Amino acid sequence: MPPKRQKVTKKVEHQWTEQDMKDALHHMNSTPGATIRGTANRFGIGESTLRFRLKRNPNDPLGKAGRKCVFNEETEKELAECIAVVCNCGFSPSMEELRVSYTYYSYSLKAL
């Protein structure tokens, strides 16, 4: 007869408070030789969470959401105008059509 399976208890995430995180960050910054693993165990915080918070800019509490920008604001406005022109003509453009029309539109603006 096979052995009975034991019930596995699920780990409850985020059992620490923001004050615990602040204390851990202060401990890491003020104590020379403090390790991330030891500090995480001491304050009951996940090691990877503490490592992420240490790498993040402290002046930016929420961090940046989403991907990095590809275009600057001027290029983005030009692209939006190009999409508006194509949509006003009654088309539902695909990505390839947008690329082609943006290239044509940007070259025609430079010619003016």
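A: Start with the term axis: an axis is a line fitted to C-alpha atoms, for helices over the stretch in contact, and angles run from 0 to 180 degrees between N-to-C directions. Bear in mind that this is a predicted model.

Q: Which elements does the chain have, and in what order do they run from the N terminus on?
A: The chain holds five helices and zero strands. From the N terminus on, the order of elements is α-α-α-α-α.

Q: How is the packing of two helices described?
A: In general, two packed helices are described by the angle between their axes and the distance between the axes. Here, helix H1 (residues 18–30) packs with helix H3 (residues 47–55) at an angle of about 65°, and their axes are 11 Å apart. Angles of 65 to 115 degrees count as roughly perpendicular, so H1 is roughly perpendicular to H3. The crossing of H1 and H3 is right-handed.

Q: Which residues in H1 and H3 meet?
A: From H1 come Glu18, Met21, Ala24, Leu25, Met28 and Asn29, and from H3 come Thr49, Leu50, Arg53 and Leu54. By type, the residues of the contact of H1 with H3 are six nonpolar, two polar and two charged.

Q: At what angle do the axes of H2 and H3 cross?
A: The axes of H2 and H3 cross at roughly 115° and come within 9 Å. The crossing of H2 and H3 is right-handed. On the H2 side, the contact is made by Ile36, Arg37, Thr39 and Ala40; on the H3 side, by Glu47, Leu50, Arg51 and Leu54. The residues of the contact of H2 with H3 divide into four nonpolar, one polar and three charged.

Q: Which residues form the largest nonpolar core?
A: A nonpolar core is made of buried residues joined through side-chain atoms within 4.5 Å. In this chain the largest nonpolar core has nine residues: Trp16, Met21, Ala24, Met28, Ile36, Ala40, Phe43, Ile45 and Leu50. H1 and helix H2 (36–43) are the elements that give two or more residues to this core.

Q: What is Phe43 in contact with, leaving aside its neighbours within four places in sequence?
A: With those neighbours left aside, Phe43 is in contact with Asp20, Asp23, Ala24 and His27.

Q: What share of the residues in the chain is buried?
A: Buried residues are 18% of the 112 residues in the chain.

Q: What share of the contacts with a separation of 6 or more joins residues 24 or more positions apart?
A: Such residues account for 39% of those contacts in the chain.

Note on methods: Residues are numbered from 1 along each chain as its sequence is written. This is a predicted model: local features need pLDDT of at least 70, side-chain atom pairs count only at pLDDT 80 or more; totals for chains, interfaces and linings use all residues. Side-chain values use heavy atoms; hydrogens and water are left out. Helices (H or I, at least four residues) and strands (E, at least two) are DSSP runs, numbered from the N terminus. Angles under 35 degrees count as roughly parallel, over 145 as roughly antiparallel, 65 to 115 as roughly perpendicular and the rest as oblique. A crossing is left-handed if the near helix is turned anticlockwise from the far one by less than a right angle, and right-handed if clockwise. Contact means heavy atoms within 4.5 Å. Ala, Val, Leu, Ile, Met, Phe, Trp, Tyr, Cys and Pro count as nonpolar, Asp, Glu, Lys and Arg as charged, and the others, Gly among them, as polar. Buried means under 20% relative accessible area, exposed over 50%, partly exposed in between (1.4 Å probe, protein chains only).
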